[in-house]
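Keep the viewer open as you read.

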Amino acid sequence: MKIEAIIYNIPYISISMLIPVIFSLLIAFTKEAYTKHLALISVSANFLLSLYMAILFDTSNSQSLYFYESYTIIDELNISLTLGLDGLSMLMFLLTTLVSLVAVVWSLRDKQINLRLKEYYIAFLLTESFLIGVFASWDLIAFYVFYELTLVPMFFVIGIWGYKLRLYSAYKFFIYIFVSSLFLLAGIVSTASQHYKKFGEFSFNYFDLLNNEYSLPFEIFLFFLFFIAFAVKTPIVPFHTWLPDAHGEAPTAGSVVLAAILLKMGTYALLRFNIGLLPEASKFLFPYLAILGIISIAYASWMTIVQKNIKRFVAYSSVSHMGFVVASMFFLNKIGFKASVIEMFAHGLTSASLFMIAGFVYNRLHTFNMDNLKGSVKFMPLFAIIVAITGFASMGLPGGSSFWGKFLTLMSAREHGMELAIGVLVGGFFSAVYVLYMLKTLFLDVKEESVLIHFKDIRGAKLLAFIGVIIPIFMVGFLPFIFFGFYERFLDFFTSNILNR
Amino acid sequence: MGIERLVGAVEIGKLSSVLPELIIFTLAFILFALDLFLKPSQKKAILPPLTAGGYIIALLSFPLVETGINFGGTYVVDKLSLIIKVFAILIALTVLAFSRIYFSERKSFYGEYYYIITFTLLGAMILASSYNLIVVYVALELVSVGFYILTALLRGSFISKEGAFKYLIFGGISIALASYGAVFMYIYSGSVDLREILTHKGEDLHYLILGLVFFMIGFAAKVGAVPFHFWLPDAYEGAPTPVTAFMASVGKMAFFIPVIRVMPYISETFHLPWVLTVGAIAGITMLYGNVVALVQKNIKRLLSYSSVAHSGYFLAGIASASLIGVKAVVYFLIVYAIISAGAFLTVAYLEKNKDWSNRIQEFSGLRFNFPYLAFGFMVLLLAMLGVPPTVGFVGKALVFTSLSFSSLWVVILIMIIATGISTGYYLRLIVLMYMKDREKTISVENKSIYEVISLILLSASAVLLGVLPSIVWRFISESGDILFKGLK
């Protein structure tokens, strides 16, 4: 089967990448009074554009490359900026524009963000642009460039507008991901050199590299070069230690973008590159990696339960969810991939919502400590509903977004054997425990002083931000076929490609 | 060799291929003469614009240059030498923009400065285009002697003298070693042309090996490879900062070119020993440079050690002994010249403030004092770190490609570790500038538009050549091909 590139007259992806860049320039050179408006216009425009592109996207043909564009960078080495969206990228692209919109809407009324507004919004807009680049690039060097570039604005977001330990966390975030991605760079150039040895020319194009053949030991070596980078980014236990710090100390909108999209870069790349480019090594290593994923689920769930800081609590819960994504992916069957992708999307929504809950609570109580948060939602009925919906959706209750991911993960594990399925089930059990624990703390525990405090309920921009993620949460829960439709054909193609090579 | 032959070697028609060198050479002598006869106040007014004008004329003469081999094979004008010369003159121009105010603020205006830096530039240009041992030796001396004097230019300063003294002794030893090696190579082959020496099929191979080892040690000292690097941080710290910028950019570029030129030939005969020794030196150099840079308190020393570490990266590309390795190193050298010149010139700009003492801590909150300068400096630091889409990333990615092409996995691993270590100090500067409050309000009087323009150009090209590397890549690619084609 050959991948077909569908070219439109209008370079949609470039436009969606350039909108944030142009608006950042506008923000940089206009008065600070206009900053928020400009940022809001930029992300809204991009979201609408992405919806329009989703309509143009023909779901019955989702293995083809839509909106294909290609610009040469270095001719001799076949490095080019090749952009295109297939079913998987399309979904991630939608998630990116949606979450960027939510993050900016949230920031409009965030009390934490009162200094250096221009730089703050520029950082978010640039992150959006780079993330689109990550999900739409089909050239490995271009992918790497965008993958690394997302680091820089996030480094500033954590370091400047973060909470108490912000500098420590910013350093840790940058160094972990930068150093691990150097291994990725080594892996990328090694695949290109391998292409030279077989075909007589360098190439960094994904489709050229698909033709590469390696000896199994070398393929496993390459697999690990790629895997180190993505395992740190995802993160998979034991490479997760940067995450609670970075997510815990970042400002709310920063955590939202970090958890909802930046982590998806790791899992997206694992699926696209590790499994797609190196299928033999994946088949060889799959039991270990699937078990690593299951360990991630269980370990991170335990770690979540003992956290006292609600942001670190949410951060660890992300690690556990990513465990589901990685485990289901490395079951290497179609249901597993299906589960993995829908879980990526679902986690993007629930984690965004959870971090906004943490941010909102901090706004009212000025603390992240779980002990001080007891019963804090009592006087905020609307907010309480949001917390309940998010919590149950994240737990995997039917009707919520995470249900399909967890359910399908179980199914795909069952294809390999009952033992793995039980492993997933136990992990899933723990992940339900921590959500229940959080809900209990916020709803049922009683703290005497809290009776005296009259909080204002959620309203305005922040409510809108929550609605922006809760509608998709229910959409994934009740209408999953819309989202499955985006990548169903792609998965048929992808799975047959891997299993029959 | 009779005098007729010597004269006959200079065909007038071919002088056009050394036109830029001739212009620079004439300019140096005019400056020398003017320095003798002008009054100090006239010198200040005339010498800087005259020098800059001469450089620009030299730049404009490049389209007239014919490529080819000249002067009886002693002087090679190929794509590699041309691109190096163009960038050397461009960077010299940016350095020149800083010189006038820098020296007049220190009450030490010297007319000598202009002709010495011009002669040094001439030496670098000659060094970039010869295979002939004698020519290489003369050019090496021309560059080095110029650097010794320039380093010691701040007459009252102790560290300036100390740095120059160390540089003089180390540089003298290294040149002595290189010429000693050249003697052995001559004994082996009876020729002073490196191409002939290395393709010569002689009996006494040990003479060649001995000669090459000495010759390479000489160059290792010049480029600051560990363990021959001891002079480098002291000289770079002691020298007036614009001079440091010149040494770290044009000097480094020029000293590496002869090594790049011999690499295809050596790797043919001594492939394994070459890969092993150069790879080992590269590994040690980048680890040592980065680790020591981590603990520096002075920004100039920090950047010097980062320069040592970069020598390690270049050597790693050279160790790969492959065509892609040559192209990678040439690209990386040119772009490193740009970013290191930019970084040192930023320091030179800040040094105009009276309270500035080059401590790292003084960078705290620089963003609030100089928003644009801090942004430019951040771009340059990210380029040194190798964050895309800056030039440093493209350079490192190309070196990685060449290493993986030659399957030097150990060197790749060391380079990853070394780059990881370097994250520590580059990031600290960025954190200080952007995330800490300022210690004090710093301002700079006596700004000049040329300084601003040259800083903008350097920072912008650090990004531009990374996003669109094909601007220079075409020339580099051709020059690399030619180096290897000479072999066949």
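Which residues are buried in α16(B)? They are Ala374(B), Gly376(B), Phe377(B), Met378(B), Val379(B), Leu380(B), Leu381(B), Leu382(B), Ala383(B), Met384(B) and Leu385(B). Buried here requires 20 or more other C-beta atoms within 10 Å of a residue's own, exposed 12 or fewer, and partly exposed lies in between, with C-beta atoms placed from the backbone.

This is a predicted model, in which local features need pLDDT of at least 70 and side-chain atom pairs count only at pLDDT 80 or more, while totals for chains, interfaces and linings use all residues. Residues are numbered from 1 along each chain as its sequence is written, and chains are lettered from A and ligands numbered from 1 in the order in which they are written.

Helices are DSSP runs of H or I with at least four residues, numbered from the N terminus. Helix α16(B) spans 21 Å from its first C-alpha to its last, close to the 21 Å expected at 1.5 Å a residue, where the expected span is 1.5 Å times one less than the number of residues. After the helix comes Gly386(B), with a positive phi near 95°. The cover over its buried residues includes α13, α14, α15, α17, α18 and α19 of chain B.

Now for the chain contact: 21 residues of chain B are in contact with 28 residues of chain A, contact being C-beta atoms, placed from the backbone, within 7 Å. These helices each supply at least two residues of chain B's side:

| Helix | Residues |
|---|---|
| α17(B) | 391-405 |
| α18(B) | 409-435 |
| α20(B) | 470-485 |

The largest share, 9 residues, comes from α18(B).

Technical notes: Contact = placed C-beta atoms within 7 Å.
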